[in-house]
Amino acid sequence: MPTQTFFNLTKEKQERILNAGIKEFGKRNVKEANLSNIISDADISRGSWYQYFENKDDMYVYIFDTLRAERADYVKPAYSLYKKAPFIDFFKDFYLRDSEYLLLHPAHIELGKQLYSHAHGVSHRLIQRIQTQYRETFLVGIEFDKERGHISQNIDSSTLADLCVHFVTDVFIFQSISNQISLNNLRGYIEKMLYIIQNGINP
């Protein structure tokens, strides 16, 4: 977490510093990120930066937590379906809202690409925390649907939850291999994949 000195700054200066970090961490993983670039883009001194953050890892985690809070707020309307509509309907809405947010914030996608391409140290811990949060949410919804008879008891809940986690993080992979990614492309993808999940592959 940043120091209280950072939180005492004006919102404009806080945002300028965080945006400098977002720019650098979107180009290089946390290990290779150049602190001098962050300091220069933020237009602050090196001494000032160390009054705000303990190290690069500290800044990196705070940036991710800040952006994930914004992302979670954008996706929040999907929870009107959680444990009310079938889990698959909730997950589809969750996935599309989450994807829409990322497509509207390309800098967040660049951060995610760097995160998942360098799964070591603090990056690995962040991935584990993010995936655990997703997995626990999905697992509860899946188990609830199994109790209501909407999902077969033969389905392994943990495996289905893990599959849903992979869907949510795949958007970073798609963005890495295609410049044509769009919400329509992702909508088509998730509809086809959920059709397979619901109907299987047997004739």
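Biologist: What volume does the largest pocket have?
Modeller: The largest pocket has a volume of about 290 Å³, where a pocket is an open set of points on a 1 Å grid over the protein atoms alone at which a 1.4 Å probe fits, with protein on both sides within 12 Å along at least five of seven lines. Grid points are joined across faces, edges and corners, and the volume is the space filled by probe spheres set on them. This is a predicted model, in which local features need pLDDT of at least 70 and side-chain atom pairs count only at pLDDT 80 or more, while totals for chains, interfaces and linings use all residues. Residues are numbered from 1 along each chain as its sequence is written, and side-chain values use heavy atoms, with hydrogens and water left out.

Biologist: Which residues lie nearest the centre of that largest pocket?
Modeller: Of its 14 lining residues, those nearest the centre are Ile151, Ile155, Leu160, Ile197 and Gln198, a lining residue being one with an atom within 4 Å of a point. Two or more residues of the lining come from each of α6 (87-104), α9 (157-177) and α10 (183-199), and α9 gives the most, with three. Helices here are DSSP runs of H or I with at least four residues, numbered from the N terminus.

Biologist: And how do the lining residues of the largest pocket divide by class?
Modeller: There are eight nonpolar, four polar and two charged residues in that lining; Ala, Val, Leu, Ile, Met, Phe, Trp, Tyr, Cys and Pro count as nonpolar, Asp, Glu, Lys and Arg as charged, and the others, Gly among them, as polar.

Biologist: Which helix gives the most to the second largest pocket?
Modeller: That is α2, with six residues, and both α2 and α5 (56-75) supply at least two. The second largest pocket has a volume of about 210 Å³, and its lining includes Lys11, Gln14, Tyr62 and His108. By class, this lining has five nonpolar, four polar and three charged residues.

Biologist: Switching topic, how many salt bridges are there?
Modeller: The structure holds eleven, counting a side-chain nitrogen of Lys or Arg within 4 Å of a carboxyl oxygen of Asp or Glu. One of them joins glutamate 12 to arginine 16, with the closest N and O atoms 3.3 Å apart, and both residues lie in helix α2 (residues 11-25), four residues apart, about one turn of the helix.

Biologist: Which one links distant parts of the chain?
Modeller: Aspartate 41 forms a salt bridge with lysine 23, the closest N and O atoms lying 3.5 Å apart. Aspartate 41 sits in helix α3 (residues 35-42) and lysine 23 in helix α2, 18 residues apart.

Biologist: What about helix α8, how far apart are its end C-alpha atoms?
Modeller: They are 41 Å apart, which agrees with the 40 Å that the 28 residues of α8 (residues 121-148) should span at 1.5 Å a residue, the expected span being 1.5 Å times one less than the number of residues. Its buried residues include Leu126, Tyr134, Phe138 and Asp145.

Biologist: Which residue follows α8?
Modeller: Glycine 149 follows α8, and its phi is positive, near 85 degrees.

Note on methods: Buried means under 20% relative accessible area, exposed over 50%, partly exposed in between (1.4 Å probe, protein chains only).
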